[in-house]
Amino acid sequence: MKKRPPNAVYSLMKKFLSLLTLALGIHAATGAENLTLNKGDHICIIGNTLADRMQHFGWLETLLQARFPKHELVIRNLGFSGDELITRLRSMDFGKPDEWLSGISPHPNAKKHDSALFDKSNLSGTNRFELSNTKADVIFAFFGYNESYAGPAGLDKFKKDLDATLKHMLAQKYNGKSAPRIVLFSPLGHEFLKSPDLPDGSENNARLKLYTAAMAEIAKSNGVLFVDLFTPTLDLYAKTAQPLTINGVHLNERGDRQVALTIERALFGSNIATALDSFEKLRQAVLDKNLYWFNHYRATDGYSTFGDRAFLTFEKGSPRSVNKTDPDRRLPSNYEVLQRELLMLDVMTSNRDKRIWAVAQGQDLKVDDSNLPAPVKTESNKPGPLPGGKHEFNSAQDAIKRMTAGKNMKVTLFASEEQFPDLAKPVQMAFDTEGRLWVAVWPSYPHWNPSEPLNDKLLILEDTDGDGKADKQTVFADKLHNPTGFEFWGGGVILAQVPDIMFLKDTNGDDTADVRDRILHGMDSADTHHSANSFVLDPGGALYWQEGTFHQTQVESPWGPPVRCSNAGVFRFEPRTFKFDAYVSYGFANPHGHVFDRWGQDFVTDGTGAQTYWAAAFSGHVDYPRKHPGMQTVYKQRTRPCPGTEILSSRHFPDEMQGNLLVPNVIGFLGILQYKFQDKGSGFGATEVEPIVSSDDPNFRPSDVEVGPDGAIWFLDWQNPIIGHMQHNLRDPSRDHSHGRIYRVTYEGRPLNKPEKITGEPIDKLLGLLKEPEDRVRYRTRIELSGRKPGDVIAALSKWVATLDAKDKDYEHHMLEALWLHQNMNVVNQDLLKRMLRSPEPRARAAATRVLCYWRDRVLDPLGLLKVQVNDDNPRVRLEAVRACSFFKTPQAADVALESLNKEQDYYLKYTLDEAMNTLDKVLKQPNL
């Protein structure tokens, strides 16, 4: 068969679509209610997570490009999770909304742009957005969902804000010639997913209906085209057998496709075609372009790209110091180097526009990136002694000779980059329920250079012959970007890839992720050293991670308005329910390290200062933007900084070491420190004991530590001669991108633990493992159970509880595990809760009080139960009760919290009560809030 020339293919496609349209009885849209697009129009998409997610599915742009193949439309997605009309958090000098829409933004920090500090030839003119290619002719605006949580009382303010926003945009000439044509879109309806773990949407829909009507009214008064998505999506949900959202409010790929078709019909009166599979090549071209645009618009390390750290200055041989009188020693700043990379991304984006237009016209085009601006090269301010400034590295085995292990301890090598080149820059590790070691590797550190492949990975390493060394590697997921943390849950893996949190899963058994879903958006990416890290599950199944200063995070959920946190915090996310909250809002510098002990008490470490805090005291609720004030640490550290922590729980080590905190340190002292906890009133203290391991290798950077299934202490070695974003240019050539090692520490003369079989085991067997003394065995058992059907788990659990021996010394802990498993399955058991609130073991009562806090909306008389707890004889139980009161919105909660004053106070109790009352003061002043 002869191949048709490209133009003939395009002509044939056009003829086919015309015939299809006629056959379906669809006519072209006419009238003022339809949108007119012109050749070369630039369309900018703004708004909340609805807009943000669209770029990752690509259906709306695909339909627009297919419908207008010769218009050569330029489409840029400026969506941002959590955005509202007025509140749009951004990190420093990200760029204002008008600057992005116009494609005009001056270089920030003009006071620092003088000839002594900057080589102006490294900067492209005076406009840093010169090549962003926004210059909006048309604006698609998606708002209303987040604002709707203000309810009827907030409707008037919303209308005023919307009116002011539309008037402001209509008064601009973003394209330099004329006012933009604006299309305002209502929120989607809330889909009822018939899940016991998610809201049914009825309350949300009542509010959304009000706000949709208000949007239509304000749009009409401003002469702006309005598209109601609320009404048609409710209709779509009713007619579609499969879910169109992941959580009731955020579209999946199927839902994005249907909403894109709905928008197309609303704007143009018809759909271009019903056979959307024919557009898949075009959609892939759109997604390819969006990848490059996304990495400019949501640039990671923004604080070092255009914020204050962008303007740090460097000189040869002297970190963070510049000799203004000797320009020959001056090295380029981050701003000079990274601004050029943003321009490269802009050009790569525009190059892919050309391919989209070609494919839309029935042709194709090989993307040519030969027109990229040249990168700005820099030298190291800390070069090594080898030729070319290279640094010396010990072999992985020889590096052990430079380590000093604790008494009776031994270090052995499990894996290194020498055998597994993919093991480059390991940042976090975790053992799966099969006992295999997973490692997130970050060779693109500190973030992707657009002139190089994007290929950070999540690896699985195995020892298949039992000799203690890895001999098999599997790449579970590649083409990742900055995978700073991960944890297993629900048969898959939850992974940080800021600004998104991903869910990865293998569904066909080949140990390769074939599901990659974004489940949360809006984690800030201002500094990858400070971004989402130290993923850990609590015993009740909630997942935690943290971020440092400079960050401005805003995350949407189906449960309420966006959760916002500025300049550092710890976050709590329930994967089963999609509940998300700022667990600790505190002025950390850069928190790394979060652990839970056997009784569910948790400790958070601020990595920059290696300062460890007892979390319960400062994890009560505060209303944004308030943060908890300074709080004392558990112990006085002697060195810093820390990248992660672990609690030692392993029969392979002596009894006196059980429950100790392990703290890696990566500057000055290079090794893993060890601290022993002591009860201290309502809280904890700790004292340093002998380190686990140390090294005199200056490249040694223990980046994570975890107790393995064999009971040994396993740790990663980041292996880098320089670290830190402040001391060296982000593109300093001394930053290593290829080394990484994994070691384990064993205790001489004591047998290793026999790894428990967990994967695929029947529920009855798994419940038995909840009696194991090792924290990590129970931890992985809960992970395995998280992937089982809740009904099956709870049914088996009821039988298991009935078999427990009340005389067992660990009976109260076993019962607590049963309560935690109910929490993990999101099944409230009020009888069991009440029983554990009255446990003879005070640590169990404290843990049960924490469960009560998170079940407060589903148990009878929660404040009545807390009133008993706040008068408990044990100060830690009282503190947990006071903390729980801060989450209520009634004046009675303040009365209950104040009853804690009937008992003796200490530092932590006073701190927690003061914080609870500061939060409840707003309720007392506005009791109808």
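Mentor: In H14, the buried residues are Asp-775, Arg-776, Val-777, Arg-778, Tyr-779, Arg-780, Thr-781, Arg-782, Ile-783, Glu-784, Leu-785 and Ser-786, where buried means under 20% relative accessible area, exposed over 50% and partly exposed in between, with a 1.4 Å probe and protein chains only. Because 12 of the 12 residues of H14 are buried, this helix is largely enclosed by the rest of the structure. The model is a predicted one, in which local features need pLDDT of at least 70 and side-chain atom pairs count only at pLDDT 80 or more, whereas totals for chains, interfaces and linings use all residues. Residues are numbered from 1 along each chain as its sequence is written, and side-chain values use heavy atoms, with hydrogens and water left out.

Helices (H or I, at least four residues) and strands (E, at least two) are DSSP runs numbered from the N terminus. With its 12 residues, H14 reaches 17 Å from first C-alpha to last, close to the 16 Å expected at 1.5 Å a residue, the expected span being 1.5 Å times one less than the number of residues.

H14 also contributes the largest share, five residues, of the lining of the largest cavity. On a 1 Å grid over the protein atoms alone, a cavity is a set of points where a 1.4 Å probe fits but cannot get out, a pocket is an open set with protein on both sides within 12 Å along at least five of seven lines, and lining residues have an atom within 4 Å of a point. The largest cavity has a volume of about 190 Å³, a volume being the space filled by probe spheres set on the points, which are joined across faces, edges and corners. Of its 15 lining residues, Phe-596, Asp-597, Asp-775, Arg-776 and Tyr-779 lie nearest the centre. Strand E18 (533-537), strand E24 (591-596), strand E27 (646-647) and helix H14 (775-786) each supply at least two lining residues. By this rule there are 12 cavities of 30 Å³ or more.

The second largest pocket, an open space, holds about 1600 Å³. Among its 48 lining residues, Met-502, Phe-503, Arg-516, Asp-517 and Arg-518 are the closest to its centre. Here helix H9 gives the most to the lining, with eight residues. H9 (residues 280-297) has 18 residues and reaches 25 Å, close to the 26 Å expected, and its buried residues include Trp-293, Phe-294 and Asn-295.

Asn-295 leads on to His-481, since contact, meaning heavy atoms within 4.5 Å, links His-481 to Asn-295, Thr-300, Ser-444, His-447, Trp-448, Leu-454, Asp-456 and Gln-497, leaving aside neighbours within four places in sequence. His-481 sits in the loop between E13 and strand E14 (486-489), and it counts as buried because its relative accessibility is 8%.

A nonpolar core is a set of buried Ala, Val, Leu, Ile, Met, Phe, Trp, Tyr and Cys residues joined through side-chain atoms within 4.5 Å. In the largest one, of 84 residues, Leu-458 and Trp-545 touch the most other members. Apart from it lies another core, of 53 residues, among them Leu-766, Leu-804, Cys-853 and Phe-888.

As for disulfides, pairs of cysteine sulfur atoms within 2.5 Å, a search of the whole structure finds zero. Cys-853 is in none, the nearest cysteine sulfur, that of Cys-885, being 9.1 Å away. Cys-853 counts as buried because its relative accessibility is 1%.
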